[in-house]
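Here is a briefing on one protein chain. Keep the sequence and the model open side by side as you read.

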Amino acid sequence: GLNLDFLLKGGSLLSGDFSVWIEGATVKGAVASLDLATGRGELTLLTNKFDLAGWQSLLTSFANYEMSGGAKVLMSLKGNLTQLREAEKMVNLTLEGVTILSREGRGIRDATLLLDASPLALRIKEARFMIGGSPVEIKTEIYDLKEHPRGTLEIISPGLDPFALLEHLKELSSSFFPSEKPFSWENVGVLMERFLPKPILWEDFILILRIEGEKLFLQDLKFRTLEGNLNFQGQIDRPPARASFSLDVQLDRIALARIFEGLEETQKILEGNLFFKGRFQGEGGTREEAARSLVGEGTLLIANGEWPGLDLVSPLKSLAPFHEVPLGASASTPFSDLRAGWNYKEGRFETDDLLIRSEDFWIEGKGNLSREGALNSRLEVYLSKFLTEQAFQSWQAGERTEGKQLGPVPFLLVGNLAAHLSPSCGAKSLFLPRGSRKQNDLFRLGPFLRSRTSPLHYRSHGQA
């Protein structure tokens, strides 16, 4: 039903009250000093607490959704009421137990919300809901929205399923935020599938964003997953001239074996506990400009791991001096730690202080790795003290090892990180030690015999 009580003054100024009943909601309105000639005036709307069931037939954005739960709205508009988008608005919205689901069952469940919005501020209090099976809580306070916005947005969840969340966000955004150039959720999904296993859970998830005018700060993004912790901080500065950004990344004890769970052995890249720390920065107003300008630096450590695709044994055995040295039959390289300082520029990670320590080898290297996984590296391999002694015994050498390690044997490592890598030896000739009883004197390893005192060398790389 519709009830009207208006008073017209001077033939152009309209004031009064009205009430209307729509799908279980009673809407009461008050019009103050509406100039019919210009359309300027004030309008206040207030509803009772009403059930959202059935409202999808009235709201085009929700046409393909089922809705339920309670809502209450208080809205005030001031300005040109014939151009509602331009009118100054104040909104107070309350939701209780609201569920909005698509035919596929995607959407939000059990939502509660207290929202206050005006030209001066936006406040969201007690916003809680379920999405993709994950409970989420949101808080925000942003002030001075028009001139110099400042405030914070906080999102908290005890556990997020990122893949389920992505599917729900993709569904909701296509309905609520239609656009000629929609956000590419597919690209996000491809990126996630490249680095994350299924299923996966982000536990103790916290995201805090802070805005100060043209600066957006990623104050904190942290969560636990893959048996470790991830932490990010960053900043985006969007002045009129040119945007710039920075991002600090810290990963602690990420179990790489979890990433490759369920894959064939040939598909596994690295195993171990990953510790990664870095800072990236760049500038540009588009994704392409940002990618071209991106630079970074940091450190990498993988502890108690294995490189399934790196075969050092086969190329060493192919060298005549090592034919009879008991190097084992492993086609992979287990290690106690792999560490490097790195720089990132022009789409590649570069290092000149790679160090890999294993039971059988001490490996030093330098090289680069592209974003696509193309690896180009030079390695210097030293045999362990035990294998050095075994080598000298097999050569029947008169020379004593005295705790030294045999090396370096140079290798060139080129290929894709995800593929099986068999390095090629960069030595033009290898020589056995003097005093060897081998008949072939062309092989003398004397020039490759150097002392390697592991603890001192370990500390020389700046490691604790």
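Glutamate 23 is partly exposed, with a relative accessible area of 36%. Here buried means under 20% relative accessible area, exposed means over 50%, and partly exposed lies in between (1.4 Å probe, protein chains only). This is a predicted model: local features need pLDDT of at least 70, side-chain atom pairs count only at pLDDT 80 or more, and totals for chains, interfaces and linings use all residues. Residues are numbered from 1 along each chain as its sequence is written, and side-chain values use heavy atoms, with hydrogens and water left out.

**Positive phi**

- Glutamate 23 sits in the loop between β2 (13-22) and β3 (25-35). Helices (H or I, at least four residues) and strands (E, at least two) are DSSP runs, numbered from the N terminus.
- Glutamate 23 is not a glycine, yet its phi is positive, about 45 degrees.
- Most residues other than glycine have a negative phi.
- Serine 33 also has a positive phi, about 50 degrees, and is not a glycine. Serine 33 belongs to strand β3. Its relative accessible area is 47%, so serine 33 is partly exposed.

**The chain overall**

- The chain holds 7 helices and 25 strands.
- Of its 464 residues, 40% are buried.
- Take contacts (heavy atoms within 4.5 Å) between residues at least 6 apart in sequence: 48% of them join residues at least 24 apart.

- Strand β15 (residues 244-255) pairs with strand β16 (residues 271-283) in the antiparallel sense, over 10 bridges. Two strands count as paired if DSSP finds at least two bridges between them.
- In this pairing, alanine 255 stands opposite asparagine 273 in β16.
- β16 also pairs with strand β17 (residues 295-307), antiparallel, over 10 bridges. Glutamine 281 stands opposite valine 295 in β17.
- Arginine 279 lies in β16. It is partly exposed, with a relative accessible area of 37%.
- Arginine 279 and glycine 296 are 17 residues apart in sequence and 5.4 Å apart in space, C-alpha to C-alpha.
- Which residues does arginine 279 contact, leaving aside neighbours within four places in sequence? They are Ser246, Leu247, Asp248, Val295, Gly296, Glu297 and Trp342.
- The side chain of arginine 279 makes a polar contact with the side chain of aspartate 248, at 2.9 Å. A polar contact is a pair of N or O atoms within 3.5 Å; within protein, one must be able to donate a hydrogen and the other to accept it, and residues adjacent in sequence count only if both atoms are side-chain atoms.

**Serine 332**

- Serine 332 lies in the loop between α5 (313-317) and β18 (333-345).
- Buried or exposed? Serine 332 is buried, with a relative accessible area of 14%.
- Its side chain makes a polar contact with the side chain of glutamate 306, at 2.4 Å.
- Serine 332 touches Glu306, Trp307, Pro308 and Leu310, not counting residues up to four places away in sequence.

**Aromatic rings**

- Rings of Phe, Tyr and Trp (its six-membered ring) pair if their centres lie within 6.5 Å; planes under 30 degrees apart count as stacked, over 60 as edge-to-face, and the rest as tilted.
- By this rule there are 11 aromatic pairs.
- Tryptophan 202 and phenylalanine 205 have ring centres 6.2 Å apart and planes at 10 degrees, so the pair is stacked. Both residues are buried.
- Tryptophan 202 and phenylalanine 223 are stacked because their centres are 4.5 Å apart and their planes are at 20 degrees.
- Tryptophan 202 lies in strand β12 (residues 202-212) and phenylalanine 223 in strand β13 (residues 215-225), so this pair ties together parts that are 21 residues apart in sequence. Phenylalanine 223 is buried, as is tryptophan 202.
- Phe276, Phe280, Trp342, Tyr344 and Phe349 form one aromatic cluster.
- The charged end of arginine 210 sits over the ring of phenylalanine 217, 4.3 Å from its centre. The rule for this needs NZ of Lys or CZ of Arg within 6 Å of the ring centre and within 35 degrees of the ring normal.

**Helix α6**

- In α6 (residues 385-394), Leu387, Thr388, Ala391, Phe392 and Ser394 are buried.
- Seen down the axis of α6, these buried residues fall within an arc of 160 degrees, so they line one face of the helix. The arc is that of the directions from the helix axis to the C-beta atoms.
- Phe386 and Gln393, on the other side of α6, are exposed.
- Glutamine 396 follows α6 and has a positive phi, near 55 degrees.
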